[in-house]
Structure formats: structure tokens, C-alpha cells
Amino acid sequence: MIIEIGHFALTIALVLGLLLGILPMVGAHRRDVRLMAVAQPAAVAQFGAITIAFAALIAGFVGNDFSVLLIANHSNTDLPLDLRVAASWGSHEGSMLLWSLMLSAWTCAVAAFSRSLSTVLRARVLGVLGLISVGFLLFLLFTSNPFERLLPAAAQGRDLNPLLQDPGMVFHPPLLYMGYVGLSVAFAFAVAGLIGGGFDAAWARWARPWTTVAWAFLTLGIALGSFWAYYELGWGGWWFWDPVENASFMPWLVATALIHSLAVAEKRGAFRSWTVLLAILGFSLSLMGTFLVRSGVLTSVHAFATDPARGVFILAFLVLVIGGSLILFAWRAPTIGAGNSFSAISRESMLLANNILLVVAMAAVMLGTLYPLVLDTLGLGKISVGPPYFDAVFVPVMAPALFLIAVGPLARWKRTELPPLVSRLRWAFAISVISALLAPVAAVAAGVDGPAWRPLTSVGLAFGFWISAGVVVAILDSLRTPGRPFSIAHAASRARMQPPSVWGMHLAHLGVAAFVFGVTLVNSYEIGVEARAEVGDTISLGDYEFRFTGLDHIVGPNYDSDRGHFEVRDSSGALVALLHPEKRVYRASGQPMTEAAIDRSLVRDIYVSMGEPLGGTVWAIRAHVKPFVNWIWIGCLMMAGGGFLAVADKRYRRRVTQREARAVAAARA
Amino acid sequence: MSASSTNIPIDEDRYQSLAEELRCLVCQNQSLADSSAELAGDLRDEVREQMASGRSNAEIKDFLVARYGDFVLFRPPVKQTTWALWAGPFALLATGAGAWWLVQRRQRLGGPSGTAAPRPGGSAPARAGAEAGPEDAEREKARRLLD
Amino acid sequence: MRSLRFIIPLLLFAAIGMFLYKGLSNDPRIIPSPLVGKPAPDFSLPILGADGRAWGPEEMRGKVWLLNIWGSWCAACQIEHPLFNQIARDGTLPLVGLAWKDDPQASARWLDRLGDPYTVVISDIQGRAAIDYGVYGAPESFLIDKRGVIRFKQTGPFSPESIRDTLMPLVRELEAEPET
């Protein structure tokens, strides 16, 4: 019964979506206030309906209702409770329902927080969001119904894919989808603006916090996915340039360009058509990512169960949404108008270069991801494009952007003089060059294993120091007034005057530096070994000794496991860590899973995992030491934190903008 | 790793990086090094044996490509059909640089201010002349005070 | 014509959309074989059963024949096996079975249970010969002509349609070819 209520609620949501999508748009066109007023209640009601549907599905999972096909395929009575809940989005149908829920939540939020927008613009934005929801709900109801019955009901479920049975599953999809779906708000603002022709600074100021929050969530979602893969997949990799990973990275690159572009659009009125295009592009890439991972067009460890019929539907939806918005762009973009000009050396020109570089990087990732598909459809053979390609291509493309991070914030708007800029950055430059030269020396002195020097190590360290030093210079400069002597009290008062958005920027940029340090150091200095060992053996790796002290057999809730016990000691013989990796076999599916054991710290991870049993009591054991690997995710946390901090800026609160927006609305009426 | 691994010592680092460049054919986009599939194990053994008998990386890759096609390489070979793939990113970079330069040129030729009609609640013109003065944060604060 | 540049994104998307659409009818997991048109790699493998005498593909020189890779562990092989039994009864194409990475006793039991359509069954326990043929899954089949050249590879099980519409016409064509 609950399931049927859920199904019905979804249908109601579709109807509400149609009302939300059509009536306010018509109302905006005709300036009919009553029609436009449909938007808010429709958005709220739709959110309620989808919440009911989602709650019904979760109730089914928690209650082990195996008369529902989805639950029978993806759950099991032995599955722990939190994973039963997470299993509701661990499948194609369930994750699509989560998408719809998130979309409806964002729509509701826009409806709630946009009272000071002009009625017409608001109606159009909500209308676009409503139309998008209609597409997803149609897709759900007609090709991917999560409430489909299985009659007669199964006695026991087939269990959630063991790869997904992890706390990561609880957080990664929701965070990621908050990001993907959040980009729809900027998209809706862009389309609404193109229809209505209003692209002033207020438009940019409105779109900015929504986009920044979406970007921050996307950053967290991707970082969590990487962190999860690192400990779940058993060999210590954290990024594989897999098509599904790329499908999330491409919108992230564009979203990063978009938040920077919105800054220019808000402050200087420039870059407007570029910003509109980026807003369309960001959400389009989210949609395209959804297509790629569910249609069977590309193989990936992450891909959902594939179905070309669904692929056709999503592709049609893609063509409608992206094609439609790009046609609108081609037609109406000339009316957007140019903003204020800027000189060749200015903050604008550097942000322009930054945006171009990010878009080029996205295009390069797309090229590599789709190239095998292109060749195959042209009958030119089947190739694989993997990490060696992406690593070789991505770093040179991103390097100039990394360089600009330190320079941009120091440049003035409209026009900046080069000599003072160079002079302010001279220490940053010196530090980065010195660190690059010292890196091999330090490595040899520390007795680090492996090749003493790789060019990329120096390059990476140089960039890390360059960015960090640039941020420090920018902060110090903001804490003093030129011509006055430096004093702590004066600096403190200047610091308080800096808006959160500026601190957010510094934090995010430092996050990039931390990320660069993490990647450089782990790639340059990680060591690993795969060895045959049985209880009593000791494996040597670098400065560490791993003693295999025991092997237990554990019976878990829905798996059986062999758990190894390892004592890790350093060169002085002191005990550093006790690690207990497992090799599990999940009973319902028979699928084996490696649970790595990791001793984490800021300076290194010690990582042990059990490979295959080699007969008798001998096992293949993998051990790694990964220096500074956690800085990769700490950097991402800093980036997202910077984004959230920036949004806390008072100028996005309603009171400040209400006055201005009312003036705008009055002027335009 | 399997029981039939050769006993002749090989350069493990070289083996590891080679195995990471080869694709497991029966997996969902995993490398030979990372995969636990049986065929992957067989192919890893094959690679080890060939390394032990002195074959170079290029020879081992040629051996596998002759049997499985280019699909088995994660680093796509540079040939006529992949020229666009390898040159693409750098061509894109050049296009981007060209676009940046075009924008600058258009600005210089187009005059100091764009063709925008006057906008209500306007932002930029009031700030246009104030460059040499206080820094951005001060200006932002002033602007908000004046709003 | 400054506004022309605003059409560029739309055109790019149209191109990508076309490729995505075409891609839907592809199966990204089927790898075309680079061995089609090349001589069938030589091997010497023991015949399943009695004496374990070695056998190699040169023994089929002058005939058109099908090398079928299978295993008792392979579920999909059971789908195409009845079709092979029928071919054996019709006598239209000699079949050679290669038991891939299979325990010989299990292979023999499987054939007892499901029928043995093969002219000869050889055993590749290590899987080395299979690697030479670029085998990556079972079942796979190679159609080899009178001169020992691989002319067609089937990845996955045959269906009645693929035998009737693809395999047999090609067999007839190859039969008509001279031996040298």
C-alpha cells in the first residue's frame, strides 16, 4: 500500500511539475500576476509529493518489502539498517528519484529565497526548473519506475552490491547530486534571463551564491568519491580518469569557471554572454554525465546496469534541454550586451584567461572520454584512453591556470600595472624556485626510496609554494594601507573589514595549493610492494616492517571474512600501527571484497590490503606507504569550505539586496 | 599474482608501471595491475615471463596489440586515427589563447566602454575612474556604505 | 556577422549528440579481433582423453573449419552447444573444440552430458594458446579457411540467426575457394 502511495505521489509530482513549468512561464509572457503566482505553491507542493514518494521507497527498503522489484534486486534482510536506507539510491531507479528530490528541493529553496527578485524573472526561473523536473519525472515513471512490483514476491533480496556497502554510499551520491542539481539553478537563471533580456549586475549577484553552493557540494561529492575509492577498491588509487569520474569532473571545471565569471559579471558587468554560456554548459554537462553512466555507451566500474532504451530517452531529453537552451543562446545572446572594457593586464583579463583554461581543460577531458566512442561509431577501430593519456594532457593545460591563481587576486580591476605586480610577487617566485631546486636534495637527505628526482616533483612543489605564497602576499597586502607603518591593531581592524567572500577566496585558493602538494608528494614518493606472505612472515617496505601476526575468520552480518593482523614497526623497532585488513565474501552474491586497513596521518598513510589467497595459508599482501596523501582531500575540504564561507557574505542576505532589487524592479516596470 | 609466476627476478617498478598501462579486457575499465580477474592474472604472468626473457616494454606491448588490438593499451598509440586525440588538447589551448587575444583586441578597438545601454541600478560607470585610489576591499566597503 | 559565433556551441553540441546517438547501438565490450585476415597461430595441445596425443591446426589444412573456445565453467557455452550438435549432425562444417582453462575431467563430463559435436577436442589448461588467439572470454569461435587464415571471429555464443545468416554463407563462400 505504501508503495502504491509512493507511486501515486510521483504521478502527482509530475502533474505539479507541468503546472509549475507551464503556467508561470505563460504568466510571465502575459504579465499575468495570478498565473505567475502559481509558481511558489506548485514548487512547494511538488517537493512535498516527491518527498512522500521517496519516503515510501525508503520505508520499503527498511521494511524489506521484496515484492518491489528494486528492493528485491538491491537489498537483503541481513543488510544493516543504514545501508538499507542508502540502498534506496544505490540503483539507477533509486538514484533518479534522488535526483528528482534534490531538484525539487533546490526549486523550493529558490522559491523561498527569491522574494526580492522581480516577479517576472522569478516566475521564469521556477518555470524552467519545473520543466526540467517534468523531464526527470517522465523518465522515472515511464522507463525507470522504482515502485515496480515483483509478483510473486521474492523470499530474500539479492543484496546491495558489496562495493556500495559502506558509509561512503550514505554520503557520496547525495553530496554529488546536490552539486549536479544545484547547477540547474544557474542554468534556470541563464535561460530565464535570455528569455526576458535582463542581465544586469543584480542578475549576477542573484545567481552567484546558488552557484557557489552547488560548486562547493560538487567539490565535496567528488572528493568523497575519490576518498572512498581509495580505501574501498584495495589498491590505493584515488583517481582513475574513469568515464564516470570524468562525468563529474567536467561540470566541476565549468562550475569553477562559472563562479569566477559571475564575480566579474557582478562587479564589472563584463563577461555576461560568456557567463550565460557557462551556466548553460555546466548543467548540460551534469545532464550529459547522467546520460553517459546509464546508457551503456561507455564501460566503467561505476556504470549502472545499462539499458540502451533508457539511453535513448535521456539523449532525447538532453537534446531538448541543451539544444533548446543553446538555440535560445544563439538567438538572444546578441542582446545581452557587452560590459565595461578592461585592459590587457587586469584582473578581468586574468580571470578571462583562467576561465578559458578551465574550459579548455574540460574540453580535453571530454575529448579523451568520448574519443573511443567516436572512433568506434566511425568504424575506425576500438581503442582505450586511460590515465596515461589524461595525466599527460591535463597537467600542461592546467599549469597556466595554477600560475594565475597567485596573480589574479593581486591584480586590479580594469587595469593593473605589471611592474608593481611583479615586485609584489618576487618573494613568492623566489620561494617556489628555491623549493623546486631543493626538492631532490631534500629527498636524498631524507633517504627516500625510489628515484631521487623527477621533473614533475619540482614542478608540483613550485606551483604549490607559488600559490600559497601568492595567497599570503594578498592577505598581507589587504592587512595594511600603503604609506602607513604596519601594526597589529591596524591589521586586525583591516582583517575585520574584509568580507567573508574574500576570506573564502583565500581559503579556497590555499585548498588548491594543498591539493597540489598532496598530489605531487604522493605521486613522487609513494612506495608499495606486493608479496606472498603467511602468518609469521615479515614484509619490508622502505623504513617500515610489516609483521603478519595472525589470521582470523569472522562471520559478519551479511558476509564472511578472513581478517589479517599486521604489526607495523619503523626503523627503530617502535610499533607504529596495528592493521587489520579483511577479505570478505558477501553471502548473497558470492562477491569478494577487499577491505584495506589504513593508518592515517597528516604526513603519510600506511596501507595494507589482502589480495588473493594463494593456497594453504599463503596470501598475496599489498602494502603501501603514501606520503601526504591526505592533503589531497584536505585541499578539497578547504576549497569547499572557502565556497561556503564566501556565501556567508552579508551582501547575499535578503535585507541588503531587497532595497536594490526593488529599485531595479521599479525602474524596469 | 599466481602460483606459476616466474622465479627470475625482474624490475618490479618497471613491471608495475607497464601493468598499469595495460587494460584488463574483461573488466569494467581496470588496468592489468589492479584487476583480480583470471584472464588478467594470465596476462600478468605472460608479461612477467616476457620481461624475464629480456623483452622490452615496446615488444611486450606489440605482442599484446597483435593479439588484442589497440584496445589493450591505456595509452593510445600515436597513429593516423589518434592524431586528433593527441594534438587536440594543445590545439584547444592555442584556440583558447587566440580567443583571449581576440577579446583584448576587440576591446581596444571598440573604445573605452562597451555598447551597453544605460542600466538601472548600474554598477560600473561610477567606478570607472577610481582605479588609482584605495584597494578593492575599501572600495567595496565604500560602495556598500553608499548604497 | 558578429552574432555568428554564438551558434558555435550549438553546432558543437549537435556533433557530440550525433556521436552519442550512434554510440547507443554499439556494444563497448566487443573487441574486434586484429587476427582476422591473418594466419591462424600455431599451437600444439594435448587431445582430451585417452592418449593425450598432441594436435595442431596444420592438421586441418585444406579444409574450412571452426575453432570453438569453450569451458565446462562457461554458462553461455551451453546456449550455443545444441547448435553445434546440429551442425555436427548435418556434417556441414568440421568443429574443433578447445577446452580453455578447464579441468580435463570436468570437460569430458560436460561433453558426455551435453553432446560432443567436435571432430577433435584439445585442452588448453594454461591458456597460452588462447592468448595467442586473443581470446578474452568464452565462448569465442574462429572460422579458418583452407589455407589456415582466420576469416571470421564470433565473440560470444552463436544464435540460430547468426549461424544461418552469417556463418553458413561465409562457410559456403570459403568452401568454393581453391586450396592454394
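Here is a short walk through a predicted model, looking at chain C and then at chain A.

Let's start with how chain C is built. This chain has five helices and seven strands. If you follow chain C from its N terminus, the pieces come in the order α-β-β-β-α-β-α-β-α-β-β-α.

Now for the overall shape of chain C. The radius of gyration of this chain is 21 Å, whereas a compact globule of 180 residues would come out near 16 Å. Along the principal axes, the C-alpha atoms take up a box of roughly 80 × 40 × 30 Å.

What about inside and outside? In chain C, 49% of the 180 residues count as buried, meaning that they have under 20% relative accessible area.

Contacts tell you how the chain folds back on itself. Take the contacts in chain C between residues at least 6 apart in sequence: 73% of them join residues at least 24 apart.

Finally, hop over to chain A. Here there are two domains, domain 1 (1–165) and domain 2 (527–628). Their centres, taken over C-alpha atoms, are separated by 42 Å. Even so, eleven residues of domain 1 of chain A are in contact with seven residues of domain 2 of chain A.

Note on methods:
Residues are numbered from 1 along each chain as its sequence is written. Chains are lettered from A and ligands numbered from 1 in the order in which they are written. This is a predicted model: local features need pLDDT of at least 70, side-chain atom pairs count only at pLDDT 80 or more; totals for chains, interfaces and linings use all residues. Side-chain values use heavy atoms; hydrogens and water are left out. Helices (H or I, at least four residues) and strands (E, at least two) are DSSP runs, numbered from the N terminus. The radius of gyration is taken over C-alpha atoms; the globule rule is 2.2 Å times the number of residues to the power 0.38. Buried means under 20% relative accessible area, exposed over 50%, partly exposed in between (1.4 Å probe, protein chains only). Contact means heavy atoms within 4.5 Å. Domain bounds come from an automatic or database domain assignment.
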